[in-house]
Amino acid sequence: MAANQQNIEKMQLRQNYRNLWHTDLLRTIQADTPYCCFALWCAPCVSYLLRKRALYDDMSRYTCCAGYMPCSGRCGESKCPEFCLCTEVFLCFGNSVASTRFLLQDEFNIQTTQCDNCIIGFMFCLNQVACIFSIVAMIVGSEEISEASQLLSCLAELVYCTVCACMQTQHKVEMDKRDGKFGPHPVMSVPPAQQMSRIDQQVPPSVGYAPQQAYGQSYGYPPAPPPAQGYPATGYPPTAYPPPANAYPPPQGYPPSGYSR
C-alpha cells in the first residue's frame, strides 16, 4: 500500500517537472532514422539495451519494471538480473518501455509535452476502442462488426508499434545527450542561495545582484535622519572658498575720519 502511494506521489510530482525531452515524438524519426527503424523491427531487443544503458550498464541496480510495479523487487532480480530483464521485455514489453521512460524522467526532471501526451493518449484510446469492438462482435456475431473490429485491431497494433518505436528512439536520443554525444556539457554553476528581507534588517540583502556602493547617502531602513535646520549650516562657507572683498572685519581706515556715531 505504501509503495502504491509512493508511485502516485511520483506521478503527481512528474507533472511539475520543468525540463523537456531533447526531441519530441513527432521528430524522433528525423532525429535518428536508423535507430527508429531498429526499434520498430526489434522492439524487445531495443528495450533491453535501453534499460541497461539507463542503469549505466550496472545491472546490480536492476529491479523489475524499474520499481514502478507491484511485482518489482519480488522476482529474484538480484540473482540473475539479465534473465529477469529479458523476461520483462518479452512478456511485459509495454511496461518495460514505460518504466524506462519514467526512470529517465525522474532522473532528469523531464516532463512530457502536451503533443506527446496526445499521441500516447490516442494510442491507448484506439486500443480500448478496438477491444470494445472485438467484444461486441463476439457477442452479437455480426460479420460487419467483426470486420470493423479486425480493422480497428490492426490499426491499433500499427499505432502501438509506431509510437513505442518513437518513444524508444526518444529515450535513446536523451541518453545520447546525457553521455555527451552532442558535444561537451555546458559548465553549470550553483546559483546563490536566496534570502528574504526582514523588517528588522537595516539593509535588505542583495538577491542575484552584486552589492553596489552607496551614492550620496545610505539607502537602508530606516532612512537616515534629515540634517539639522539652522542658518548658516554647519561648516559653511567651505574652507576652499575664497572670502569676498568686503569680508568682516572691515579693512583699516574704516570708518573715515570725521565720522561720528
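Visitor: Which residues in H6 meet H8?
Guide: In this predicted model, Phe93, Gly94, Val97, Thr100, Arg101, Leu104, Glu107 and Phe108 in H6 meet Tyr160, Cys164, Met167, Gln168, Gln170, His171, Met175 and Arg178 in H8, where contact means heavy atoms within 4.5 Å and helices are DSSP runs of H or I with at least four residues, numbered from the N terminus.

Visitor: And what is that contact like by class?
Guide: The contact of H6 with H8 has eight nonpolar, five polar and three charged residues, counting Ala, Val, Leu, Ile, Met, Phe, Trp, Tyr, Cys and Pro as nonpolar, Asp, Glu, Lys and Arg as charged, and the others, Gly among them, as polar.

Visitor: At what angle do H6 and H8 cross?
Guide: Helix H6 (residues 93-108) and helix H8 (residues 143-178) have axes that come within 11 Å and cross at roughly 30°, the axes being lines fitted to C-alpha atoms over the stretch in contact, with angles from 0 to 180 degrees between N-to-C directions. The two helices are therefore roughly parallel to each other, as angles under 35 degrees count as roughly parallel, over 145 as roughly antiparallel, 65 to 115 as roughly perpendicular and the rest as oblique.

Visitor: Before we move on, what should I know about the ground rules?
Guide: Residues are numbered from 1 along each chain as its sequence is written, and side-chain values use heavy atoms, with hydrogens and water left out. Local features need pLDDT of at least 70 and side-chain atom pairs count only at pLDDT 80 or more, while totals for chains, interfaces and linings use all residues.

Visitor: OK, how do H3 and H4 cross?
Guide: The axes of helix H3 (residues 33-41) and helix H4 (residues 43-54) come within 5 Å and cross at roughly 115°, which means that H3 is roughly perpendicular to H4. Tyr35, Phe38, Ala39 and Trp41 in H3 meet Ala43, Val46, Leu49 and Leu50 in H4, and by class this contact has eight nonpolar, no polar and no charged residues.

Visitor: Is Ala43 buried or exposed?
Guide: Ala43 is buried, with a relative accessible area of 15%, buried being under 20%, exposed over 50% and partly exposed in between, for a 1.4 Å probe and protein chains only.
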